Amino acid sequence: MTHRVFILGATGYIGGSVLVSILQAYPTWEITALVRSTSSVGPLKELGVHEVVIGTHEDLELIVNLTSLADVVINCADADDLPLTRAIVDGVKIRSKINASESKGKPILIHTSGTGVISDQAEGEFMESGKKIWNDNSEYDIRSIPAEQPHRLVDLEVFRADLSEYCSAYIIAPSTIYGTGTGPGNRISQQIPTAVRTAVKRSQAVHIADLTKLYLLVLSRALSRVSEPSSYAKFYFASVQEHVWGDVIRQIAQILYEIKRIPSPDVKSVSLREEPDLRYLANNSRSMSERGFSIGWKPHAPSIEETLEEDVVATLAKA
Ligand SMILES: NC(=O)c1ccc[n+]([C@@H]2O[C@H](COP(=O)([O-])OP(=O)(O)OC[C@H]3O[C@@H](n4cnc5c(N)ncnc54)[C@H](OP(=O)(O)O)[C@@H]3O)[C@@H](O)[C@H]2O)c1
């Protein structure tokens, strides 16, 4: 059966890779992508995207309209844009009324959040909060994340859309993503390049190839209309391997030294005041992807250490 899909973030690291996976898994689907540059139209059309619309996240009427035309909406663009998310919710609300009048199921929304939602304020110090591991299979854990946390206001809007039955809404919250993406635009992630361009805390990571597999599994579950116990049971952390940022930074320094980009492999501590971009590496966010594993997610891509050299080289090539 052909579905109409609207994807946001198709030129991004996550969105581009998710788009390629969906095109491979569902070649007959009609995909519409919103992009802000005309230079993205050709590459996306070549990949098999049906319609490429030029616009930005500030074009809220356009977002409502494009969302209202879709059976499946996938937002891989921005985990923090509340007006954008509200416009998407307005769009699925319109779609759900049309679908109800035609006796069709609710539209599906897959939203991208991030494990920043459970990050603490350790800022490089050891704190009790660093011991807590948040489990996506615990409704208590997912319900109890405070509204003040990063991404959370947007996530709450998505939960509300599901609770209000405007759509069937799923949230995927990846941890640090590593590895080279497969999309037509940006192919590198955020945290590792941040470290390459400029800790001691525990965090987790997921390879982009494993992450796209989780999107496909969640999408397939949504399409199968599996009845879930609650809206909070549609939240998935995407995290696999735990790492300590200090170890990763030391390994990056060694790689940069070996390729003669820095004069010494020694690392030194810097304060967040000196390098505010490093704040994501200085806090703990520890999560357990039990829900993903329970629906058959089997991540097996190379580890963060195994792909680090590739990520460093890709970052330097883009810099
Ligand atoms: N990468 C990670 O490790 C990671 C982990 C967890 C969560 N996340 C979250 O996931 C989201 C996407 O991350 P990413 O790494 O895929 O980012 P990215 O590579 O920068 O992609 C962002 C995408 O959104 C589009 N976009 C951004 N602002 C826009 C606007 N105002 N109007 C139209 N399009 C806009 C970009 O378009 P252009 O191509 O025109 O720039 C691009 O397609 C972010 O919210 C991030 O915080 C990322």
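Which of the 23 residues around the ligand come nearest? They are Thr11, Tyr13, Arg36, Ala79 and Asn186. The structure discussed here is a predicted model.

## Overall composition

The protein consists of 319 residues, of which 52% count as buried. Its secondary structure comprises twelve helices and twelve strands. The protein exposes about 14,800 Å², and 51% of this area is supplied by carbon and sulfur atoms.

## The ligand and its surroundings

The shell of residues around the ligand is made up of 13 polar, seven nonpolar and three charged residues. In the case of Ser189, a polar side-chain atom lies 3.0 Å from an oxygen atom of the ligand. Taken alone, the ligand exposes 900 Å², and the protein buries 81% of that area.

## The nonpolar cores

The largest nonpolar core contains 36 residues. Within this core, the residues with the most contacts are Ile31, Ile74, Ile110, Ile172 and Leu211. Several elements give two or more residues to the core, among them strand S1 (4-8), helix H1 (13-25), strand S5 (108-112), strand S7 (168-174) and helix H8 (208-223). The largest share, seven residues, comes from H8.

Leaving aside neighbours within four places in sequence, Ile110 is in contact with Val73, Ile74, Asn75, Tyr170, Ile172, Tyr215, Val218 and Leu219.

## Ser164 in a loop

Ser164 is found in the loop that lies between helix H6 (152-163) and strand S7. Is this residue buried, partly exposed or exposed? Ser164 has a relative accessible area of 36%, and therefore counts as partly exposed, since that class lies between the limits of 20% and 50%.

The side chain of Ser164 has a polar atom that lies 2.7 Å from the backbone oxygen of Arg160. Ser164 can also be located relative to Lys93, a residue 71 residues apart from Ser164 along the chain. The C-alpha atoms of these two residues are separated by 9.2 Å.

Methods:
Residues numbered from 1 in each chain as written. Predicted model: local features only at pLDDT ≥ 70, side-chain atom pairs only at ≥ 80, totals over all residues. Heavy atoms only, no water. Near = heavy atom within 4 Å. Polar contact = N/O pair within 3.5 Å; in protein donor to acceptor, adjacent residues only side chain to side chain. Areas by Shrake-Rupley, 256 points an atom, 1.4 Å probe, with all protein chains shown as cover. Nonpolar A, V, L, I, M, F, W, Y, C, P; charged D, E, K, R; others polar. Core = buried A, V, L, I, M, F, W, Y, C linked by side-chain atoms within 4.5 Å. Buried < 20%, exposed > 50% of the residue type's maximum accessible area, 1.4 Å probe, protein only. Helix = DSSP H or I, 4+ residues; strand = E, 2+ residues; numbered from the N terminus. Contact = heavy atoms within 4.5 Å.
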